[in-house]
Amino acid sequence: MNQKLEVWLEQIGCEGELEPVAADASFRKYYRLKSSMHSGIVMDASALKESVPPFIDIDHRLYKAGVRVAKINTYNLEEGFIFMEDLGTVHLADVIEDDFELYYRKAIESLMKMQNVETEGLPLYDAAFLRFEMDLMQEWYLEKHLGLTLDESQEEILNNTLETITAEVLAQPQEVFVHRDYHSRNLMFGCTDDLVVIDFQDARVGAVTYDLVSLLRDVYVELHPRDVERLALHFRDMKGLDVDDETFMRWFDFMGLQRHIKILGIFARLAIRDGKEGYIKDIPLTLKYIMDVGSKYSELEGLVDLLKSA
């Protein structure tokens, strides 16, 4: 336990028992504060202090746009602490089977509000960053996790494919707020059964389908392909995008490729560098999404063959 955190809680009159709760993939730690006077969630981001100002800023932006987020009670920027509302323990992933249609339509409605969030000053999901993320796959998944060294021909195939994916992603509408991790473990249900968005501090400005594909091709929960397409097109219609089914699903597919290629690298890095080996079990579904989409488009044959041989 961070002694400075305990001192801070005492200073703000919030002494009590701190119970660790599940952490995210970062270096942040979370605790549930239990006392006769106060309750809430304490975030200890002292190992990642730079993430605290963006968290507070984006929480406020989301709130202004009508997106349900955790209420921030107080914070300490110097030490990297936040004391906020306790949302309980129920995530979308826990209740999907109870009423699939209701919950995913709620999630899409929340996404629609989120895309109206003020984006001034947020970093762009530009070509350089899209490519930076995808390059994590070669370094961490192919080379460090699988022990594979690409030859010159394979390097060329991978480079050309990633350039194609980048171009396809940038060809769709941009300039919307992108949560970057909008999936079943980052959507919770508060005491009023509202859908609450969490883990948004890394938001950027980018493509219209990014958060949609995060939700519907979730690397932790696999939906039936028919439901994925139906809900994706439902989003398009709600958004009022004047584009045919084939074009929209191409946008969706290539955006998903970019995200899932990145995630292969991130999951391998979390296991190798950070000792979070639990993420290895989520690699097969992530890889399946890449192979399924890759098999639909001739320009992705090289990527599919490369991953099959890895």
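1. Helices (H or I, at least four residues) and strands (E, at least two) are taken here as DSSP runs and are numbered from the N terminus.

2. The model is predicted, with local features needing pLDDT of at least 70 and side-chain atom pairs counting only at pLDDT 80 or more, while totals for chains, interfaces and linings use all residues. Residues are numbered from 1 along each chain as its sequence is written, and side-chain values use heavy atoms, with hydrogens and water left out.

3. An open sheet is formed by five strands in the order β1-β2-β3-β5-β4, with antiparallel pairing; two strands pair if DSSP finds at least two bridges between them. Because β1 (17-21) and β4 (72-76) stand at the edges with a single partner strand each, one side of each has no neighbour in the sheet. From one strand to the next the twist averages 25°.

4. Strand β3 (residues 39-44) pairs with strand β2 (residues 29-34) in the antiparallel sense over six bridges, and four bridges join β3 to strand β5 (residues 81-84), again antiparallel. Arg32, for its part, has Ile41 of β3 as its bridge partner. Five of the six residues of β3 are buried, where buried means under 20% relative accessible area, exposed over 50%, and partly exposed in between (1.4 Å probe, protein chains only).

5. Helix α1 (residues 3-11) lies across β1, β2, β3, β4 and β5 and runs at about 50° to β5. Axes are lines fitted to C-alpha atoms, for helices over the stretch in contact, and angles run from 0 to 180 degrees between N-to-C directions; contact means heavy atoms within 4.5 Å.

6. Helix α9 (residues 245-272) packs with helix α10 (residues 283-294) at an angle of about 150°, their axes being 9 Å apart. Residues making this contact include Leu257, Ile261 and Phe267 of α9 and Ile283, Leu287 and Val293 of α10. The contact residues comprise ten nonpolar, two polar and one charged, with Ala, Val, Leu, Ile, Met, Phe, Trp, Tyr, Cys and Pro counted as nonpolar, Asp, Glu, Lys and Arg as charged, and the others, Gly among them, as polar.

7. Which residues touch the most other members of the largest nonpolar core? They are Tyr104, Leu216 and Phe248, in a core of 100 residues, a nonpolar core being a set of buried Ala, Val, Leu, Ile, Met, Phe, Trp, Tyr and Cys residues joined through side-chain atoms within 4.5 Å. Helix α9 gives this core its largest share, 13 residues. Leaving aside residues up to four places away in sequence, Leu216 touches Tyr104, Leu223, Val228, Leu231, Ala232 and Phe252. A second, separate core of ten residues includes Trp8, Leu18, Tyr31 and Val42.

8. Arg180, in the loop between β6 (176-178) and β7 (187-189), has a phi near 90°, a positive value in a residue other than glycine, and is buried, with a relative accessible area of 17%. Asp199 has a phi near 55°, also positive in a residue other than glycine, and counts as buried at 17% relative accessibility. Most residues other than glycine have a negative phi.
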